[in-house]
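Here are my notes for you, as numbered points. Please read them with the model open beside you.

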Amino acid sequence: MTEHSHRPIGVAVLGMGNVGAEVVRILLQNADDLQARVGAPIEIRGIAVADLGKARACATSLLTDDPAALVKRPDVDIVVELIGGIDVPRTLIASALEHGKSVVTANKALLADYTGELATLAADAKVDLYFEASVAGAIPVIRPLMQSLAGDTVQRVAGIVNGTTNFILSAMDADGEDYDVVLAEAGRLGYAEADPTADVEGYDAAAKAAILASIAFHSRVTAGDVHREGISSITAADLASAATLDCTIKLLSICERIVDSAGRQRISARVYPALVPLTHPLASVNGAFNAVVVEAENAGRLMFYGQGAGGAPTASAVLGDLVMAARNKVHGGRGPLESTYASLPIAPMGDVNTRYYVSMKVADRPGVLATVAGEFSARNVSIATVRQEGAEENARLIVVTHRAPDSALSETVDALTELDSVLSVSSVLRLEGTDD
Ligand SMILES: NC(=O)C1=CN([C@@H]2O[C@H](COP(=O)(O)OP(=O)(O)OC[C@H]3O[C@@H](n4cnc5c(N)ncnc54)[C@H](O)[C@@H]3O)[C@@H](O)[C@H]2O)C=CC1
Ligand SMILES: N[C@@H](CC=O)C(=O)O
Ligand code: NA
């Protein structure tokens, strides 16, 4: 070693699927540039895989089916976890941290519930735990929130953070594609989770909301704190109705600091499909692209946009973290610790002010509109627009409200379903991205 050279930094990669294979490819292809950026060569010590017999684009001598042994090896400095799931990676990451390895992971499902436990282990061992790839794939959003905005007060982080559902909704909207066909395509392209229920039922977006809210509001928010609704009930008819209102439908993750009349601060973290006006920047985020809008007291509004899913984009974020962790091994220093000092409580969904779009089949007779409107006004919900479509057995009423507590809105919908003059409530969606 010359005076300025440093010993190689040993890396263990766990999992060689969509993301892991791309991480290994970039590590091998860009070795010289990465060495120059880190100040030491990055050497892959081993790659843990589930199937040793499968052909891979790397030396077979690197492969192992014993990740537990790999993460403890003395020549491993950094462990990159890309297996997914919870129990297996939780044990492996804990072991890696306890053995003094820094960890990089893309595993939002794990982090949403166990950041506290893992961050404590990392702090005790004085190593890094980085997870930029866990939210919005390639888009830098964790580091801007944790570092660039560390001196500001974040009020809101909201956007589209699941590529699979955005890919599905965009295709259904643009081409009238069938839901199941597009979901299968999202799996083939490497966007969907191993179990795509996590995507379509909003679990993945909720995990990401928990991570974002924890960081933005210096509190510990877990997946169970996030109100969650998925997109599996969204139909082509919903998208067509949205279009008549000059809107589209997006699965949004919204994390907000809300202040009640007593000045008490709470966190709202929620995921649901919502109508978004076509004029809103999120409406034109299509395919597997994601976008996150951050509102901070002094910075104002910031928007982050890019590829939110897929092997190579996600690997880009993993490599960014890997270089940071490797630089810290070479030059000293550590990434930011978990910050939960504010410990803000979670506000129930019913307390959050939202706007509703309600589409219902009604009896075509005098007085129906007044009866329907009465249910809204009985709960102090102000109606913004009402439209009647069709006649006789095809008569439909479409009501869009102003903002009101979500509990009042959902109680109104329950009451509407009980009315004789309302034959069925065919669709209820929230409306976001408007000021009123
Ligand atoms: N695919 C994407 O666009 C993104 C994925 N992520 C996250 O990255 C992680 C990996 O995702 P993908 O690569 O898409 O998943 P994947 O399912 O394609 O890859 C996981 C790999 O781990 C292997 N594996 C399973 N058990 C193992 C074990 N015990 N030891 C070693 N290998 C094992 C599987 O055989 C598979 O090849 C997940 O946590 C996912 O949520 C995060 C952002 C984007
Ligand atoms: N399944 C996820 C992958 C990235 O986090 C998604 O579709 O966004
Ligand atoms: Na990211």
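1. The UniProt annotation "domain: ACT", from an unreviewed entry, covers residues 357-433 of this predicted model. UniProt positions are given in the numbering used here, feature names are shortened, and annotations may be inferred rather than shown by experiment. Over residues 357-433 the chain is 31% helix and 40% strand, with the end C-alpha atoms 13 Å apart. Helices (H or I, at least four residues) and strands (E, at least two) are DSSP runs, numbered from the N terminus.

2. The domain assignment of the chain gives domain 1 (3-137 + 311-331), domain 2 (142-307) and domain 3 (351-431); such bounds come from an automatic or database assignment. Between the C-alpha centres of domain 1 and domain 3 there are 52 Å.

3. On confidence, the chain averages a pLDDT of 96, and 99% of the residues score at least 70; pLDDT is the predictor's confidence in each residue, from 0 to 100. For the complex, the predictor gives an ipTM of 0.99 and a pTM of 0.97.

4. A word on conventions: residues are numbered from 1 along each chain as its sequence is written, while chains are lettered from A and ligands numbered from 1 in the order in which they are written. In this predicted model local features need pLDDT of at least 70, side-chain atom pairs count only at pLDDT 80 or more, and totals for chains, interfaces and linings use all residues, while side-chain values use heavy atoms, with hydrogens and water left out.

5. Which residues come nearest to ligand 1? Of the 21 around it, they are Asn18, Val19, Lys108, Glu193 and Gly310, where a residue counts as near if one of its heavy atoms lies within 4 Å. The shell around ligand 1 divides into 11 nonpolar, 8 polar and 2 charged residues. Here Ala, Val, Leu, Ile, Met, Phe, Trp, Tyr, Cys and Pro count as nonpolar, Asp, Glu, Lys and Arg as charged, and the others, Gly among them, as polar.

6. Ligand 2 is surrounded by 13 residues, the closest being Lys108, Gly163, Thr164, Tyr191 and Lys208. An oxygen atom of ligand 2 is 2.7 Å from a polar backbone atom of glycine 163, and a polar side-chain atom of glutamate 193 lies 2.7 Å from a nitrogen atom of ligand 2. The protein covers 94% of the 250 Å² of accessible area that ligand 2 has on its own.

Methods. A polar contact is a pair of N or O atoms within 3.5 Å; within protein, one must be able to donate a hydrogen and the other to accept it, and residues adjacent in sequence count only if both atoms are side-chain atoms. Accessible areas come from the Shrake-Rupley method with a 1.4 Å probe; for residues, only the protein chains shown count as cover.
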